[in-house]
Amino acid sequence: MAPPDDAPRNPPPHTNRLADETSPYLLQHQHNPVDWQAWGDEAWQRARDEDKPVLVSIGYAACHWCHVMERESFEDEGLAARQNELFVSIKVDREERPDVDEIYMEAVQLMRGQGGWPLNVFCLPDGRPFFGGTYFPPVARQGMPSWLQVLDSVAAAYRERRADLEGQAAQIVAHLEQAPGPLEPGEERADPAAARRAAVAQIMKSYDKRFGGFGGAPKFPQPFFLALVLQHAVADNHPLARDQVLATLRQMAEGGIYDQLAGGFHRYSVDERWLVPHFEKMLYDNALLVPLYLDAARLSGDSFFSRIAEETLDYLLREMRTPEGAFYASTDADSEGEEGKYFVWSLDEVTALLGDDAPLFARYYDVTEDGNFEGRNILHPRMPLAQAAAWYQQEEEAAAETLAGARATLLAARAGRVPPATDTKVIVAWNGMAIDALARGGAILDAPRFIDAAREAAAFLLDEMRPAGDAGGLLRIFAGGRASVPAFLEDYAGLADGLLSLYEATGEERWFVEARQIADAMLTRYWDRDAGGFFTTGSRNEALVSRKKPTYDGATASGNSQAARVLARLYAMTGDGLYADRLEAMAGAFGVILTRAPVMMSGFVAALDWLDRHQAVAIVGDDADPATQALVRAVWDGPPGPTLVIRHTPAAGREESAVPQLQGKTPLDGAPAAYVCHGFACSAPVTTPEALRGLLASDLPA
């Protein structure tokens with residue numbers, strides 16, 4: 001009898017314990033011959049019972065070199081057998097457990113001077129690390145030992161030099177526990193403006209005058225550097241800072257790091273020109289870059305930047321949105337086993353698809369017979385549109401229409417290819433960033449579809465990511481149809497921040513109320529009552545070998561920088577001294593960084609500087625009234641700055657607002673009114689957009 005249609009015909013030869021997990025990254029490894037276990041008490045107890053060292057191998061679904069090491073070593077029967085004999089092996093999704101990744105990444109950086117993913121760390125059965133590295137090849141090459149050599153030498157050391165490893169592990173953990181020391185006697189802590197200027201001066205020194213960006217290859221977008229430089233350009237009216245930000249954002253959007261067909265940014269560029277990307281796309285990169293492009297449009301008046309922001313948001317809605325309205329984590333760099341295959345083109349393909357329009361498209365987007373990436377072509381504009389149009393004796397507007405139609409044709413054709421895999425888990429912190437980007441995009445671009453999407457994502461997180469019986473609690477991950485993993489500092493801060501932006505964009509006070517409750521829970525669960533600042537893990541998280549207090553702003557802001565932004569915004573909205581006190585305590589706890597290395601916490605510096613200089617625009621009136629909307633548009637259509645929008649629609653039985661800063665502010669003779677507040681001193685109400693723009697243009701307090 002033939003098997004039923006849904007019966008597996010060729011079951012995999014191996015299935016390990018990861019088959020019970022929901023993380024797409026862990027499930028990628030479920031059929032490895034390695035006897036992987038997920039992080040948890042069972043794995044560590046097994047190591048203690050068998051007296052074996054533990055390999056903690058950390059990666060994420062969109063990590064190219066994680067896939068390479070899996071194919072080369074973790075799928076090799078012989079290597080897997082040796083690994084199973086000598087070690088208890090634990091696989092960790094770094095996006096699911098950033099607390100684990102944070103500790104072991106710092107440990108490897110201490111041991112080797114650098115880190116990355118895949119991250120392979122060898123530990124004692126109590127979890128303390130003693131040796132580690134990143135990618136190891138299957139055979140020794142380029143000065144790197146083979147994976148088999150690593151396994152055998154580590155196992156031998158564990159058998160024969162256990163006391164040495166114990167001592168080494170103790171030293172590493174002691175380093176992990178170290179916090180920044182106090183300032184020297186007589187050394188004054190930098191104020192926010194001084195810290196901003198010092199950080200920006202250091203950032204701008206590394207500016208690439210030819211291609212934009214900061215530093216050389218590989219070149220990352222570095223959104224927090226760009227945001228702080230843009231903030232400085234506005235605060236100090238600094239033309240060079242302005243030019244560097246605008247040039248960098250333009251070069252990125254005209255490079256291969258930007259998907260010229262679908263919108264959205266790849267993770268980073270392997271070269272200095274922004275041409276050849278590492279092809280994975282991360283939710284957080286795109287969510288963090290959108291506000292920068294929106295502010296660049298407001299700063300420059302150039303619609304190019306708003307177009308890139310809009311295209312990127314539309315990409316998120318089209319390709320990264322879950323059926324429930326939240327957002328997936330990432331898409332892979334590889335498809336059909338090749339990096340970038342989904343995104344690149346041959347000249348023959350372009351010619352066959354575009355016909356008579358192919359020459360213009362090929363010249364403008366640098367499509368050649370030889371290619372610019374392994375014999376194929378990464379699309380990127382290589383000349384101004386006017387130049388390409390003149391080459392083919394076309395008006396610029398006609399050439400733009402031709403290119404738009406050609407992009408649509410190629411995008412439709414690309415949809416027929418095998419796409420890169422999508423990491424379908426929902427991460428609360430990253431979704432908070434997406435809500436922020438969508439809310440800001442909807443408000444500034446006057447695009448209701450983005451605000452509607454932000455509302456849906458926010459509602460999903462608030463409905464699905466709060467554990468039963470844990471008032472104020474959050475879960476971090478939604479995957480496989482269920483929520484799991486107690487949330488971390490960045491989840492609380494990221495969601496609260498996104499909800500505050502949604503309140504600013506809509507005036508719907510439920511989002512403010514939810515944000516404040518989440519922030520207050522964050523203060524209760526993550527605050528260091530002894531030294532100030534926030535821990536990554538809270539009172540409901542698992543205790544690890546070290547409890548870290550995050551301070552480095554990299555691809556995403558540290559949890560402390562995100563928390564500082566939330567506290568600054570809440571203090572501006574409420575006047576509650578608790579938030580100001582906590583910010584002051586954070587500035588004390590991180591005073592050494594703020595004074596000596598402010599670039600390390602550029603997001604934290606930006607939050608403190610924003611609070612020092614901010615102005616709150618309180619708009620009171622029926623949201624459906626065109627006069628109210630005209631006042632709102634006067635803010636969003638204006639230049640970027642440290643401006644907070646707080647809104648209230650008085651209604652029968654609900655004259656008072658839930659936002660304390662709005663207390664006592666009413667329409668003027670029945671007409672919608674706006675108040676501009678510097679600190680907690682507010683202007684007389686105005687009722688016209690012209691008057692409001694005049695107030696906004698007045699000098700801020702020094």
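**View 1. Lining of the largest cavity in the predicted model.** The volume of the largest cavity is about 1,000 Å³. By class, its lining holds 23 nonpolar, 9 polar and 9 charged residues. A cavity is a set of points, on a 1 Å grid over the protein atoms alone, where a 1.4 Å probe fits but cannot get out, and lining residues have an atom within 4 Å of a point. Grid points are joined across faces, edges and corners, and a volume is the space filled by probe spheres set on the points. Ala, Val, Leu, Ile, Met, Phe, Trp, Tyr, Cys and Pro count as nonpolar, Asp, Glu, Lys and Arg as charged, and the others, Gly among them, as polar. Helices (H or I, at least four residues) and strands (E, at least two) are DSSP runs numbered from the N terminus. The model is predicted: local features need pLDDT of at least 70, side-chain atom pairs count only at pLDDT 80 or more, and totals for chains, interfaces and linings use all residues. Residues are numbered from 1 along each chain as its sequence is written, and side-chain values use heavy atoms, with hydrogens and water left out.

**View 2. The second largest cavity.** This cavity holds about 100 Å³ of space. It is lined by 13 residues, of which Asp259, Gln260, Phe343, Leu379 and Arg414 are the closest to its centre. The lining comprises 8 nonpolar, 3 polar and 2 charged residues. The model has 4 cavities of 30 Å³ or more.

**View 3. Packing of H9 with H24.** The axes of H9 and H24 come within 9 Å and cross at roughly 25°; axes are lines fitted to C-alpha atoms, for helices over the stretch in contact, and angles run from 0 to 180 degrees between N-to-C directions. H9 and H24 are therefore roughly parallel to each other (an angle under 35 degrees). Their crossing is left-handed, that is, the near helix is turned anticlockwise from the far one by less than a right angle. Phe224, Phe225, Leu228, Gln231 and Ala235 in H9 meet Ser602, Val605, Ala606, Asp609, Trp610 and Arg613 in H24, where contact means heavy atoms within 4.5 Å. The residues of this contact are 7 nonpolar, 2 polar and 2 charged.

**View 4. Packing of H20 with H21.** Helix H20 (residues 509-526) packs on H21 at an angle of about 125°, with the axes 11 Å apart. H20 and H21 are therefore oblique to each other, a class that takes the angles left after under 35 (roughly parallel), over 145 (roughly antiparallel) and 65 to 115 degrees (roughly perpendicular). The crossing of H20 and H21 is left-handed. On the H20 side, the contact residues are Phe512, Arg516, Ala519, Met522 and Leu523, and they meet Ala563, Val566, Leu567, Leu570, Met573 and Thr574 in H21. This contact has 9 nonpolar, 1 polar and 1 charged residues.

View 5. Most residues other than glycine have a negative phi, and most peptide bonds are trans. The peptide bond from Trp117 to Pro118 is cis, with omega near 5°, and Pro118 lies in the loop between helix H5 (98-112) and strand S4 (119-123). Ala217 and Pro218 are also joined by a cis peptide bond, with omega about -10°; Pro218 is in the loop between helix H8 (192-205) and H9. Asn237, a residue other than glycine, has a positive phi near 50° and is placed in the loop between H9 and helix H10 (239-253).

Methods:
1 Å grid on protein atoms, 1.4 Å probe; cavity = no way out; pocket = protein on both sides within 12 Å on 5 of 7 lines; lining within 4 Å.
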